[in-house]
Every structure is written in structure tokens, then in C-alpha cells.
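Hi everyone, thanks for making time for this. I'd like to walk you through a structure today, so let me put it up on the screen.

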Amino acid sequence: MAERVYCLYRVSTAKQVDHDKQNQADIPMQRKACHEFADRMGWTIVHEEQEDGVSGYKVSAAQRDKIQLIREHAEQGKFDILLVFMFDRLGRKADETPFVVEWFVKKGVRVWSVNEGEQRFESHTDRLTNYIRFWQADGESQKTSIRTRTALGQMVQEGRFRGGTAPYGYCLEKSGIINKRKHEVYKLVIDEEEAEVVRMMFNLCVSAGYGRWRLAMFLNDKGIKTRKGTNWHDASVGAILHNVIYKGVLRSGTTFSEPFEKLQIVDPSTFDLAQRLMTERVNEKKNERTVPLNTAGQSLLSGNVFCGHCGGRLVLTTNGKIVRLANGEKKGVKGLSSYLGDSPFP
């Protein structure tokens, strides 16, 4: 009876995945190599699993559904051999992956790699070799991560778009530059129609004290939609108000470029002022606050006047007859002045 084989394929990014005519994801190179190897060995592939865009360095085996499924089937004795293209497809965590491999072997499952042969655990040397292999893979992952961060940091410092979807207020145009993969590189340019909405957000934030929730309500009331044609959410507005791209600064992780004037939608001084105003409004900064907490309605002093007795902020709502104070006490509007005590306000 032919040996029953399970195959596991994995790539770290979704960009490495090909799609067939039915738009089904595939990892053709690894699949082809494993099939050819199994044919040479006289094995029968009974099941295949693949992980698309899963990092073997960042994601623990316990969080990888495919690994857990294969382990469950190993417990049930459904296969004899686990075959991968290379052992690092099982993972790249030096403090975890060697023991995952050893677990399969202890369950009676032979673990094979197309390029590296069978992983055995018959001696102390076998265990040491296994650990060294994944220690090297772990190190390569760290080096790759450093190289990637460095390259992306260099890109933004040179004013080049690092890829992905253009932020709101910008669009992508072909730059005429061809990269190493023979693909034309795109560049960021300002979309004037969207940029006007961004400028309005910052102007209302700085001049009228609008926060992100009130800005979202304002935009929705005016019928101004997001790029996808949906209503604004306060989180989306907040992401825009805090994004340094709008003052012309590109960012990749902890790397920031110098301001590029051609990418500036908002004047840098306006952007920085908006950050300061938003920071002062958070509860943690209440003792340092110099800007009004409340800018809506007629009770502009609500949240900005302090009790001379307890030091608490005065917060009130009223229907014209009854005022509800912060401590839950109700008073008539005429009695409000007595509550303020020695306050200089009439």
C-alpha cells in the first residue's frame, strides 16, 4: 500500500499567490515540486492545504488554522507523511517550529521536505540539526524584515509612494518608471475634489473647534460621501486628521520624510495646530486644557467653568426650565447663578 501524504504549501504574502481561471488561489511552484517528488517516491497525495499570506515568523503555529487541522488529522491517523517544499514552510520561529516538527514525528508521521529530505529524531545530533535549521530560518526572517523596512524607509525619504491604496485626497498616476519586476511604478498626486474636503475638515477643526464626531455628522448632513460612496464615520475622519501625509510628509513605520510641497494639501502650521487642539481635548490633558471642550449649542461654558467649591467642571443640559448639573442635581435656570457661588460670571 502506497504511503499516504499530506502536503502543506505556504507563502508569506498574498502577492505570491497565483489564481486560476476560476479565481481560485494557488501556489503553483510548491505544488508542482511536491507532486513530482511524491511521484518519484511512489507516494499518494491524499490531501493538500495551503496558507496564503501567512508569515511563518510572525504567526504562531497555535494561530494557524491549517497547522491545527493537520495536527488533528495526524492524531486520527489519516496520513503517513507530511510533505513540504522546504521545512521553513512549517514555520520560522526558532523557539517553536522545531518542536512542531518533532511532535509530528512522535505521532508516527514522517516529515519530508522536497529540498532537504526527511527530518529524523533518532539521536541528539538530529535534534540539534533540526533546531539549527529553524534558528537559521528565524535569522533570515529577521534580516528580510530589516531589509524591507530599510528599503521602504528609503523610498519615503526619496518621496516615492510605497504602494497600496492612495489616501483620501490623493490619486495614483503612472510615473513612467519601471521597477525590477518590470512593472510601472505609480506616484501620488493631489485629487483636488477630495483635497477640498480634507481642507474643510482641518479648517473646521482649527477655527470652529470641530472634533472628529461632529465633523462626520457635518459631512453626512451636507451629503458629502466617502470615496466608496458611504457616510463618514468618526474613526475615518480621525484617521485623516492625524495623517502626516496631508502636510506633505511620507511615512513608513518610524521613518518620516521631509515635507514635500507638491503633496501638501494642508499647510504644515495648520496641521500642527490641529494636532495640538485635539490633544488638549482628551481627558488625560484636562488640567492643561486651554481650548473649549464644548463648541456646539448655546451653553458654550459647559465643560469650561469650574466649581469654586469642589473644582469640578460644570456640565449641564436644559430644556429652558430645568438644568441638570454634573452631580445629578436639578435646578431652575434662575437658580443657576447661586450654584456658581463666587464665580465672576453673572
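Let's begin with the aromatic rings: searching the whole structure turns up 10 aromatic pairs. Please keep in mind as we go that this is a predicted model.

Take W103 and F104 as one example. Their ring centres are 5.1 Å apart and their planes meet at 85°, so this pair is edge-to-face. If you remember only one thing about how these pairs are described, it's that you need both the distance of the centres and the angle of the planes. Are these two residues buried or exposed? W103 counts as buried, at 18% relative accessibility. The cut-off for buried is under 20%, so W103, with its 18%, falls on the buried side. F104 is buried as well, with a relative accessible area of 1%.

The charged end of R71 sits over the ring of W103, 4.3 Å from the ring centre. There is another arrangement of this kind at Y210, where the charged end of R214 sits over the ring at 3.9 Å from its centre.

Back to ring pairs for a moment. Y170, F202, Y246 and F271 are linked by ring pairs into a cluster. Hold on to two of those names, F202 and Y246, for the next part.

So, on to the nonpolar cores. Which residues touch the most other members of the largest core? The answer is M201, F202, W232 and Y246, in a core of 31 residues. The elements that contribute two or more residues to this core are α5 (192-207), α6 (212-221), α7 (234-241) and α8 (268-280). Helix α5 gives the largest share, with 7 residues.

Let me zoom in on Y246. Leaving aside residues up to four places away in sequence, Y246 touches P167, Y168, Y170, V198, F202, I240, L263, Q264, I265 and V266. You'll spot Y170 and F202 in that list, and both of them also belong to the ring cluster I mentioned.

There is also a second, separate core. That one has 18 residues, among them F79, F87, L90 and V111.

While we're around F202, have a look at Q275. Q275 is in helix α8 and is buried, with a relative accessible area of 17%. What does Q275 touch, not counting residues up to four places away in sequence? Its contacts are F202, L241 and H242.

Now S207, which lies in helix α5. S207 counts as exposed, at 64% relative accessibility. A polar atom of the S207 side chain lies 2.5 Å from the backbone oxygen of N203. Along the chain, S207 and A274 are 67 residues apart, and their C-alpha atoms are separated by 9.4 Å.

Next, two arginines in loops. R64 is found in the loop between β4 (44-51) and α2 (65-75).

R120 counts as partly exposed, at 42% relative accessibility. Its side chain makes a polar contact with the side chain of E118, at 3.2 Å.

Last topic: cysteines. How many disulfides does a search of the whole structure find? The count is 0. C7, for instance, is in no disulfide, and its nearest cysteine sulfur is that of C34.

How values were computed
Residues numbered from 1 in each chain as written. Predicted model: local features only at pLDDT ≥ 70, side-chain atom pairs only at ≥ 80, totals over all residues. Heavy atoms only, no water. Disulfide = S-S within 2.5 Å. Core = buried A, V, L, I, M, F, W, Y, C linked by side-chain atoms within 4.5 Å. Buried < 20%, exposed > 50% of the residue type's maximum accessible area, 1.4 Å probe, protein only. Helix = DSSP H or I, 4+ residues; strand = E, 2+ residues; numbered from the N terminus. Contact = heavy atoms within 4.5 Å. Phe/Tyr/Trp six-rings, centres within 6.5 Å; stacked < 30°, edge-to-face > 60°. Lys NZ or Arg CZ within 6 Å of the ring centre and 35° of its normal. Polar contact = N/O pair within 3.5 Å; in protein donor to acceptor, adjacent residues only side chain to side chain.
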